[in-house]
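Here are my notes on the model you sent. Please read them with the structure open beside you.

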Amino acid sequence: MRMPLKISSHLVRASFLATILVVMAHVDDEMNPTKRTWVESFLGGEFSAANVSNFFFISGYLIAHSFDDKKWWVCAIAKRVRSLLVPYVLWNIIYVSIYLIASPTFELPHRNVDEIWHSVIRIFGIGTTPAPIDFPLWYLKNLFLFVLISPLVKLTATRGLKVVLITLAIIYALQIFITLNFPCLISFSRYGFNLIGFGAFVVGAFLSVHPYAMPIWLSKTTVIPPLLTWIIMSVFCKLCH
């Protein structure tokens, strides 16, 4: 199904805005906190970092656009294996190899076997740190996982607003519960299986299936939709982290 040009334009603008803010968040990590103004702290803080969820939102919207196709899930998996999984695994193998070889303590054959094994399994989000050594790539791993379980997302998104709201309530309540009661699981809920990002993925899929739920996406005002998406996703992430 061909996506209307107006919706496509909104998604492009939302992607651009989210990209700028995510970059600002990573630049902010390298800045000396004592030299930042309050504006820099605000724009480069969690409200910027939270915009990773906007990419999950857009991905959910796009994948739901093909729900009516008979082989949508098979095609989605095949496409993401080529575009996400294979590059992700290959790059991480290269990265881990360079990391191990370049390490000052690298001594074959006396290299610590546990360290090598831990470095490898981190590629798949297994171990004490549920993110690869090339840390920002946790996003790609999560996105592939969301696509993998997207039949459940379809089941939720097509049931209507009430089911989606209940699902979101459970997701965000679980994130808050983990944050308050199980600090040891916070890292997994962010980088192993990003709960907030999954909620955004579900919202994106729902709005794709039921565009009436957000009429503003069909508005002639092309600036408002991406801004609204940014604000909603950022507030959710701010509250639950």
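Predicted model: local features only at pLDDT ≥ 70, side-chain atom pairs only at ≥ 80, totals over all residues.

1. Look next at Phe56 itself. Which residues is phenylalanine 56 in contact with, leaving aside its neighbours within four places in sequence? They are Trp138, Tyr139, Asn142, Leu143, Phe146, Gly197, Ala200 and Phe201.

2. Now the pair H4 and H7. Helix H4 covers residues 52-64 and helix H7 covers residues 138-148; they pack at an angle of about 30°, and their axes are 11 Å apart. Angles under 35 degrees count as roughly parallel, so H4 is roughly parallel to H7. The crossing of H4 past H7 is right-handed. On the H4 side the contact is made by Val52, Phe55, Phe56, Ser59 and Ile63, and on the H7 side by Trp138, Tyr139, Asn142, Leu143, Phe146 and Val147. Sorted by class, this contact of H4 with H7 has 9 nonpolar residues, 2 polar ones and no charged ones.

3. The pair H5 and H7 should be read against point 3. H5 and H7 have axes 10 Å apart and pack at an angle of about 165°. H5 passes H7 in a left-handed crossing. From H5, the residues Trp73, Ala76, Ile77, Arg80, Val81, Leu84, Leu85 and Tyr88 meet Leu140, Lys141, Leu143, Phe144, Val147 and Leu148 of H7. The contact of H5 with H7 has 12 nonpolar, no polar and 2 charged residues.

4. Last, the protein as a whole. How many helices and strands does the protein have? There are 12 helices and 0 strands. Of the 241 residues in the protein, 42% are buried. Taking contacts between residues at least 6 apart in sequence, 74% join residues at least 24 apart.

Note on methods: Residues numbered from 1 in each chain as written. Heavy atoms only, no water. Axes fitted to C-alpha atoms, helices over the stretch in contact; angles between N-to-C directions. Helix = DSSP H or I, 4+ residues; strand = E, 2+ residues; numbered from the N terminus. Parallel < 35°, antiparallel > 145°, perpendicular 65-115°, else oblique. Left-handed = near helix turned anticlockwise from the far one by under 90°. Contact = heavy atoms within 4.5 Å. Nonpolar A, V, L, I, M, F, W, Y, C, P; charged D, E, K, R; others polar. Buried < 20%, exposed > 50% of the residue type's maximum accessible area, 1.4 Å probe, protein only.
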